[in-house]
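Subject: Structure handover and notes

Hello,

Here is the structure we talked about. My notes are below it.

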Amino acid sequence: MAGLRSLVIVLGDQLNLDAAAFDGFDPARDAVWMAEVSEESTHVWSSKQRCALFLSAMRHFAEAIRDAGRVLDYTRLGRTDDGSGAASTLGGALRAALERLQPQRLVVTEPGDWRVLKALEKTAEDSRIPLEIREDRHFYMSVKEFSNYSQKAGRLRLEYFYREMRRRHGVLMEGDVPAGGQWNFDADNRGTFGAGGPAGIPARTAFEPDALTREVLELVTTRFTAHPGSVAEFAWPVSRPEALVALQRFVADRLPSFGRYQDAMWSGEAWGYHSHLAAALNLKLLNPREVVAAAEAAYAAGLVPLASAEGFIRQILGWREYVRGIYWTRMPGYLESNALGAREALPAWYWTGDTDMACLRDVIGQTLRHGYAHHIQRLMVTGLYTLLLGVTPARVHEWYLAVYVDAVEWAELPNVIGMSQYADGGVMASKPYVASGKYIERMSNFCRGCRYDPGQRAGSAACPFTTLYWDFLMRHQGIMAANQRMSLQLKNLQRIGADDRAAIVARAAAIRRGEIGS
Ligand code: FAD
Ligand code: SF4
């Protein structure tokens, strides 16, 4: 590749051929660079499902690049490399490639991760090669636009951001007013599966691993043996054609009931009516506009109720864009946020699911098996427990970034630090998402098969969530008193007498010592 003009860097979550980094690509003078580096699987203890998805999707995308007639320099992860070599880090692998290929400049689409951005900038600077970073137009809103919006908005709130996005992009609008005369059908999105449980949920859209994926699964099993989870049931879409099938099947089979059962949980039911598209979106195998358009078209055709289409679109046009904006306008400090001063260690059983709490056992179990849990399972089971326990937010972040197939830092961090752990002190969420075990009892059947009782806050049968909930309110009463939205919960706390409070504190301490729940 003598006389190479641009070396276009493609990161593991930038698997779209129409990315800005390819603008003006000249196959005669430019080349693409991709590398599998062990650092991306080890900087957090990445689950086998997550490692496998990224590696398989990258290898499929490499084929798509070659099919598109673009020259590609691709480094594969070896089976035996112990990770100590220069190529074990992104910066090291890139430095080696620059020495070999001697390009005049580097081009990349904005990375999705602060750490990666800094590594690329440093390598380019050390190598004295200009690095051009192009805006990521996969998203509806650029970081600059979000920054302007948030400065004007003052206090950020998803609901107003979402309305603005609906207006700006003309999504589910009838002229100037929202379709159906209402912006938000959230109240219709809280159904449960009822006492009898879910019936007739379509089977997951599963993709049989092809030869390329099978090779990756074997690599992951041998190379990352000690990493959490298993790839025995790996069935994620790993290419754009597969992702398009997953989208089409979701809209046809699940979207009609998505809204109603968005928050519902049931033991052994990993998939519900959710889309399972976050990983395909975050790897850029799908564009959010085509996903939103598919949901809107299904509503317009009368195939999907408005509450479902709106509820789904809100997640993508609203939440997804909102968390990305928060990430890039708050980093790097956001990573260290700890507004509640939480200092506990993450229970070791978060990596195995080995707990006697039925809800956590089920949610962590499916997470390790599939790299997936839906929003309420993440927020109101695994996230709620660490919040109530008082785990250091950075440790919680590392767990979420490691275990989910859709985990990329720009999406994961605000959801964990802001929404789930309230560690940013209220930037993302107007109040902490705290609840007792009664919430989990209402939204699922987990408690029926559990040795604990969600209605009890002290005593040997007391549900750890319930004990820790009251303990949380006592510990953070001072901070919470300033928040109007917590007043009802604090009022209920006032009704608890001194003896009961002492019993709660003692049991919470035993839970923290690991004597209960593990
Ligand atoms: P669906 O329920 O079908 O939702 C549709 C789509 O909307 C998702 O595919 C996703 O692209 C988007 N979406 C929904 N909620 C959010 C949200 N809060 N933030 C951003 N996008 C959203 N999402 C990630 O993409 N990556 C993460 O690492 C991640 N970590 C999370 C950690 C915690 C503690 C919590 C509470 C949420 C997290 N989420 C994350 C958001 C959400 O839980 C997942 O996007 C969703 O569960 C993925 O499943 P799905 O594709 O079936 O989503
Ligand atoms: Fe979870 Fe408590 Fe219900 Fe057990 S009783 S399943 S620990 S909420």
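The notes cover conventions, helix packing, and then a few single residues.

This is a predicted model, in which local features need pLDDT of at least 70 and side-chain atom pairs count only at pLDDT 80 or more, while totals for chains, interfaces and linings use all residues. Residues are numbered from 1 along each chain as its sequence is written, chains are lettered from A and ligands numbered from 1 in the order in which they are written, and side-chain values use heavy atoms, with hydrogens and water left out.

Helix α5

Helices (H or I, at least four residues) and strands (E, at least two) are DSSP runs, numbered from the N terminus. In α5, which spans residues 143–153, the buried residues are Val143, Phe146, Tyr149 and Ser150. They lie on the same side of α5 because they cover an arc of only 120° around the axis, the arc being that of the directions from the helix axis to the C-beta atoms. Buried means under 20% relative accessible area, exposed over 50%, and partly exposed in between, with a 1.4 Å probe and protein chains only. Lys144, Gln151 and Lys152 are exposed, on the face of α5 turned away from its buried side. The buried residues of α5 pack against α6 (158–169) and α12 (306–330). Gly154 follows α5 and has a positive phi, near 75°.

The axes of α5 and α12 cross at roughly 90° and come within 9 Å; axes are lines fitted to C-alpha atoms, for helices over the stretch in contact, and angles run from 0 to 180 degrees between N-to-C directions. α5 and α12 are therefore roughly perpendicular to each other (under 35 degrees counts as roughly parallel, over 145 as roughly antiparallel, 65 to 115 as roughly perpendicular and the rest as oblique). On the α5 side, Val143, Phe146 and Ser147 meet Glu321, Tyr322, Arg324, Gly325, Ile326, Trp328 and Thr329 of α12, where contact means heavy atoms within 4.5 Å. By class, this contact has five nonpolar, three polar and two charged residues. Ala, Val, Leu, Ile, Met, Phe, Trp, Tyr, Cys and Pro count as nonpolar, Asp, Glu, Lys and Arg as charged, and the others, Gly among them, as polar.

Helices α3 and α4

α3 (residues 90–101) and α4 (residues 114–127) have axes 9 Å apart and pack at an angle of about 30°, so the two helices are roughly parallel to each other. Leu90, Gly91, Leu94, Arg95 and Leu98 of α3 make the contact with Val116, Leu120, Thr123 and Ser127 of α4. Five of these residues are nonpolar, three polar and one charged.

Single residues

The peptide bond from Met331 to Pro332 is cis, with omega near 5°. Met331 is in the loop between α12 and α13 (358–370), and Pro332 lies in that loop too. Met331 is buried, at 9% relative accessibility. Apart from neighbours within four places in sequence, Met331 contacts Trp114, Glu409 and Leu413.

Ser56, in α2 (residues 48–67), is buried with a relative accessible area of 0%. Leaving aside neighbours within four places in sequence, Ser56 is in contact with Thr213, Val216 and Val238. Its C-alpha atom is 9.7 Å from that of Asp210, 154 residues away along the chain.

Arg128 sits in the loop between α4 and β5 (131–134) and is exposed, at 77% relative accessibility. Lys284 lies in the loop between α10 (278–282) and α11 (288–300) and is buried, at 6% relative accessible area.

Regards
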